[in-house]
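This report concerns one protein chain and the model shown below. Please keep the sequence and the structure in view while reading.

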Amino acid sequence: MKLSALRNVAALRTTAVALTAALSVAVIAGGGAASAAPEKPSAVTSVVKEGRTWHLKVYSAAMKKDITVDVQRPADESTPAPNFYMFSGLDAGEGSASWQAQTDALGFLADKHVNVVLPIGGRGSYYTDWKQEDPRLGLNKWKTFFTEELPPLLDSTLNSTGLNALAGLSTSGTSVLQLAEAKPGLFKSVAAYSGCAQIADPMGKQAVKFSVETWAGGKVANMYGADDDPAWVENDPVINAEKLRGTLLYVSSGSGMPTNADVEYYLQGAPGPMGVINLGLGVGIEAATNACTHNLKNKLDSLDIPATYQFTPMGTHYWPYWEQALHESWPLLAQGMGI
């Protein structure tokens, strides 16, 4: 081959290499496949053991942050145990309004062969997947976390049996039913204490708005959208009650009528006008959840879906009633977990 031809071949090769490099840079700069960093997977990132309590940090890929999950392990860790998820109310365990601080739940469950799972975080979120990030309450993808991300991680970390039960109170009394409907069969037994199951009707929407906006400072427009958005219907446990078929259900509420002990509790907890206001809220909220709960019963009865109900003739919206409900619902919860 002549020298001039060799030079032409070399020049073509140099040009091809340069073009390839330029195209690669263009793809990376333009955000093509080559520039996409791999998503960090959901994982248990740390475990701190304090006696029988394990403090877990669980990274949620959906929410792009670590979630704190405390677990009370059974006394005998040598054999697998089921997982019993316990949700606190609107405060989501972030403050003192929690199962741990307000009830004897951990003591009551101490001799049970079960992992007691206590998530901390999600204040004002209703533990649901929000449409978009909220300026006050952040990125909320709790339905994804509790139905897709967390269960398999707990099964492997705790060496659990793979059987799950779920209990929640107040706002999370709505959430537990939503989660059971989101992934039927994941939670074998579910207990909802003083929760409003219907959210798509005007009264239900107002209850959600009061909790999320008035109390927690978020915006329901970021949660389910405008009042006519289909997301309200899609997440309404009463409308979607058929998805509860096959789940062992315990549902309870009080009438809202206060006992003398209720009055004393509220007035001593916040003396003066605030105590009276709190008493009024405790009465009104429980009366509303009682109406919601009866509507849920009517819907389940119409579908011939069995459930255990506890409607107390007295009782307002506070912790002693939920502690009692936990004790009374335990046999059903245990049945679902095979213990």
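Predicted model: local features only at pLDDT ≥ 70, side-chain atom pairs only at ≥ 80, totals over all residues.

Nine strands make up an open sheet with mixed pairing, and their order is E1-E2-E3-E5-E4-E6-E7-E8-E9. Strand E1 (43-50) and strand E9 (308-312) are the edge strands, each pairing on one side only. On average, neighbouring strands of this sheet are turned by 15° against each other, with direction ignored. Helix H10 packs on the sheet, where H10 touches E8 and E9; the direction of H10 makes about 145° with that of E8.

Within the sheet, strand E4 (residues 83-87) pairs with strand E6 (residues 164-169) in the parallel sense, over five bridges. Asn 83 stands opposite Asn 164 in E6.

## The largest cavity

Searching the whole structure gives two cavities of 30 Å³ or more. The largest cavity holds about 50 Å³ of space. Among the residues that line the largest cavity are Ser 88, Gly 89, Leu 90, Arg 123, Tyr 126, Tyr 127 and Thr 171. By class, this lining has three nonpolar, eight polar and one charged residues.

## The second largest cavity

The volume of the second largest cavity is about 40 Å³. Its lining includes Gly 173, Leu 177, Ala 192, Ser 194, Val 251, Ser 252, Thr 293 and Leu 296. Helix H5 (171-182), strand E8 (248-254) and helix H10 (273-302) are the elements that give two or more residues to this lining. The lining of the second largest cavity has five nonpolar, five polar and no charged residues.

How values were computed. Residues numbered from 1 in each chain as written. Heavy atoms only, no water. 1 Å grid on protein atoms, 1.4 Å probe; cavity = no way out; pocket = protein on both sides within 12 Å on 5 of 7 lines; lining within 4 Å. Points joined across faces, edges and corners; volume = space filled by probe spheres on them. Nonpolar A, V, L, I, M, F, W, Y, C, P; charged D, E, K, R; others polar. Helix = DSSP H or I, 4+ residues; strand = E, 2+ residues; numbered from the N terminus. Pairing = 2+ DSSP bridges. Axes fitted to C-alpha atoms, helices over the stretch in contact; angles between N-to-C directions. Contact = heavy atoms within 4.5 Å.
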